[in-house]
Amino acid sequence: MTPVPADSDSDLLARARAIHARVLTVDTHVDIPPDFGTETYDPREAKRGRGQIDLVGMEHGGLDAVFFIVYVGQGERDAAGYARAMADAFAKFAAIRRMTDVQYPEAISLARSAADVRRIHGEGRLAALIGIENGHALGRDLRLLDTYFDLGARYLGLLHNGHNDLGDSAVPYPRLKDTPAEHGGLTDFGRATVARANDLGIMVDVSHAAMTTALDAIRASRAPVIASHSSVKGVYDHPRNLSDEALTAIRDNGGVAQMVAFDAYLRPVSGERQAALRALRTEMGIKGFADFQRLSDGKREAWHARRQEIDREWPKASVKDFADHIDYAVNLAGIDHVGIASDFNGGGGIAGWDNARDTLNVTVELVRRGYGEDQIALLWGGNLLRVMEAVEGLSA
Ligand SMILES: [Zn+2]
């Protein structure tokens with residue numbers, strides 16, 4: 001896109017504000033901790049440093065619809081591992097449904113279709129959607145996908161970090177003794193899962209999949225697919241980013257690639273910043289996401305303060321870095337096949353868009369780069385809702 005010249009910042013801001021208020025904004029990936037929807041993480045107004053999103057922040061930031069994520073960490077592929085994954089999945093569904101059905105039904109509603117999203121938005125409320133992250137949540141039992149669909153799941157991320165029974169991951173897990181490529185792509189169970197997702201009207205999500213698995217899944221799916229939170233290797237060659245081949249395959253399949261505002265995927269992270277983050281994690285005994293969730297309020301405040309110091313010293317990627325990925329994807333795949341995701345509460349968030357409250361800043365940068373309102377509406381949710389509608393239409 002060509003930058004917009006001869007405009008003062010205040011003109012640009014006013015124009016961006018007006019566009020942002022009119023378009024329907026959808027963020028396709030927001031994680032939730034296990035205590036979401038309880039006293040320690042009130043979805044309406046989270047304590048400072050507790051999370052990057054709450055309903056007040058969504059309203060303030062003009063973030064209209066969010067896919068809340070039923071995330072399941074990759075574990076052992078045995079009966080105990082599958083049982084744990086299923087239990088983790090049900091707990092996340094319960095947390096999201098507690099927010100929409102029990103705690104704040106007047107503020108946010110569960111959307112089960114693209115039409116629901118538009119209707120709920122039209123009624124002046126926020127929309128919650130549900131995506132699953134990691135097909136490990138199915139164990140080996142495809143009937144669970146029907147159950148998850150009934151609970152509201154509308155996309156299924158086939159993989160997370162670590163290979164599973166559906167296919168190879170973009171990031172193998174040494175802890176689980178992963179080889180670089182275990183299956184060489186999508187497995188027969190993965191194929192059956194894609195077919196069942198198509199039948200039910202669940203969008204197939206190839207983020208976190210190895211490119212081999214992603215390309216297999218795109219070929220196997222009779223409906224358009226999504227990458228719910230991935231940026232592009234064409235700008236920064238990270239294992240989690242989409243290759244040009246995968247991006248064009250998503251275009252040809254009618255799908256959408258949701259660029260993600262995740263610092264480490266957008267540009268190289270300096271050695272100093274990495275070392276500082278590592279030192280902080282060691283000091284506070286944080287080996288993984290679960291340890292972070294268990295921090296006391298006091299320790300979380302301390303963590304938050306130290307993270308801010310590190311961010312000041314060695315800044316995170318900016319909204320401009322993020323928009324570089326959007327530009328690249330639009331140039332390669334076209335404006336109809338690109339969207340936006342934050343990965344808030346899951347490692348996402350960048351300088352300028354580190355909280356739902358700051359969502360306007362993304363639109364400001366898009367306007368600055370010369371995107372018009374129609375294009376911004378597509379990027380901010382129009383494309384995703386079109387794909388969702390197509391997937392619904394092709395369901396059995
Ligand atoms: Zn993820």
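Is R369 buried or exposed? With a relative accessible area of 12%, R369 is buried, because the cut-off for that label is under 20%. Keep in mind that you're looking at a predicted model. The notes start with the metal site and then move on to some charged pairs.

**The zinc site**

- Three residues hold the zinc ion: E133 through OE, and H208 and H229 each through NE2, at 2.1 to 2.2 Å.
- Walk along the chain and you'll find these donors spaced as E-x74-H-x20-H.
- E133 sits in strand β4 (residues 126-133), while H208 is in the loop between β6 (203-205) and α7 (211-220), so this pair ties together parts that are 75 residues apart in sequence.
- E133 is tucked away as a buried residue, at 4% relative accessibility.
- H208 is buried too, with a relative accessible area of 5%.

**Salt bridges around D311**

- The model has 27 salt bridges in total.
- One of them pairs D311 with R273, and their closest N and O atoms are 2.8 Å apart.
- D311 belongs to helix α12 (residues 297-313) and R273 to helix α10 (residues 271-284), so the bridge ties together parts that are 38 residues apart in sequence.
- Both D311 and R273 are buried.
- D311 also meets the side chain of R307 in a salt bridge, at 4.0 Å from N to O.
- R307 and D311 are four residues apart in helix α12, which means about one helical turn separates them.
- R307 is partly exposed, at a relative accessible area of 21%, whereas D311 is buried.

- D324 is partly exposed at 33% relative accessibility, while R369 is buried.

Note on methods
Residues numbered from 1 in each chain as written. Predicted model: local features only at pLDDT ≥ 70, side-chain atom pairs only at ≥ 80, totals over all residues. Heavy atoms only, no water. Donors = N, O, S within 2.8 Å, 3.2 Å for Na, K, Ca; no water. Helix = DSSP H or I, 4+ residues; strand = E, 2+ residues; numbered from the N terminus. Buried < 20%, exposed > 50% of the residue type's maximum accessible area, 1.4 Å probe, protein only.
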